[in-house]
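My entries follow in the order in which I made them.

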Amino acid sequence: MEQNKQKCNCGNEKLDSTMKKILETYTKDKDNLIQILNEVQEHYGYISTENQKAISEYLNIPMAEIYGVITFYSRFTLKPKGKYNIAVCLGTACFVKGSEKILDRVKQKLGIDVGETTPDGKFSLEATRCIGACGLAPVFTVNDEVHGKATVEMVDKVIEEYMNK
Ligand code: FES
């Protein structure tokens, strides 16, 4: 049966008011994609499928293209991040100094893979490119806190500290 749906002027009747406002701040120019994604990521902490659809319809860009952009830039995420987001740098300097071991240890400690969040929502894990602290390689961060000259033992200690917070 045909439903009588009221459409908002952004073309998507299911959007929450914040998402509508974000979209309406911008013209329907495709060049606005990155800025819109930035705002959505900042406001919601991730870019949901529903919001990807809204952006796709608003800018008339295929979903696959939007997905490609989101997955290309490490600052965009498809799932909500944890309260504590751990980012392990895999840039060249860190990689040479053994950041893969650091990453493996975090995965093992938390039981999650890159791009995942623990079931309690406390931790999420990402792998990043150089964060500009190569002198401290290998480096990982917990939210904005930088941990340099990292070792496997340091990973254990830092994660345990955050587990008890
Ligand atoms: S390569 Fe890791 S901080 Fe530069």
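**Helix 2.** I began with helix 2, residues 33-44, which has twelve residues and reaches 16 Å from its first C-alpha to its last, close to the 16 Å expected at 1.5 Å a residue. The expected span is 1.5 Å times one less than the number of residues in the helix. Helices here are DSSP runs of H or I with at least four residues, strands are runs of E with at least two, and both are numbered from the N terminus.

I noted two ground rules before going on. The model is predicted, and local features need pLDDT of at least 70, side-chain atom pairs count only at pLDDT 80 or more, and totals for chains, interfaces and linings use all residues. Residues are numbered from 1 along each chain as its sequence is written.

Which residues of helix 2 are buried? I found Ile36, Leu37 and Val40. Seen down the axis of helix 2, these buried residues fall within an arc of 100°, so they line one face of the helix. The arc is that of the directions from the helix axis to the C-beta atoms. A residue is buried if 20 or more other C-beta atoms lie within 10 Å of its own, exposed if 12 or fewer, and partly exposed in between, with C-beta atoms placed from the backbone.

The face turned away from the buried side of helix 2 carries the exposed residues Ile34, Gln35 and Glu42. I then checked the cover over the buried residues of helix 2, which includes helix 1 (17-24), helix 3 (49-59) and helix 4 (63-72). Glycine 45 follows helix 2 and has a positive phi, near 85°.

**Helix 3.** Just after helix 3, I found asparagine 60 with a positive phi of about 55°.

**Whole chain.** I counted seven helices and four strands in the protein chain. From the N terminus on, the elements run α-α-α-α-β-α-α-β-β-β-α. The C-alpha trace spans about 60 × 30 × 25 Å along its principal axes. Of the 165 residues, 24% count as buried.

The chain is divided into domain 1 (17-72) and domain 2 (84-163), with bounds that come from an automatic or database domain assignment. Taken over C-alpha atoms, the domain centres are 28 Å apart.

**Confidence.** I looked up pLDDT, the predictor's confidence in each residue, from 0 to 100. The chain mean is 90, and 92% of residues reach 70 or more. Over residues 1-12 the pLDDT is below 50, and this stretch has 15 contacts in the model beyond near neighbours in sequence. Two residues are in contact if their C-beta atoms, placed from the backbone, lie within 7 Å. Where pLDDT is low, the predicted coordinates should not be read in detail.

**Glycine 121.** I located glycine 121 in the loop between helix 6 (99-110) and strand 2. Is glycine 121 buried or exposed? Glycine 121 counts as exposed because it has 12 C-beta neighbours inside 10 Å. Leaving aside neighbours within four places in sequence, I found glycine 121 in contact with Gly82 and Lys83. The C-alpha atoms of glycine 121 and lysine 81 are separated by 7.5 Å, and these residues are 40 apart along the chain.
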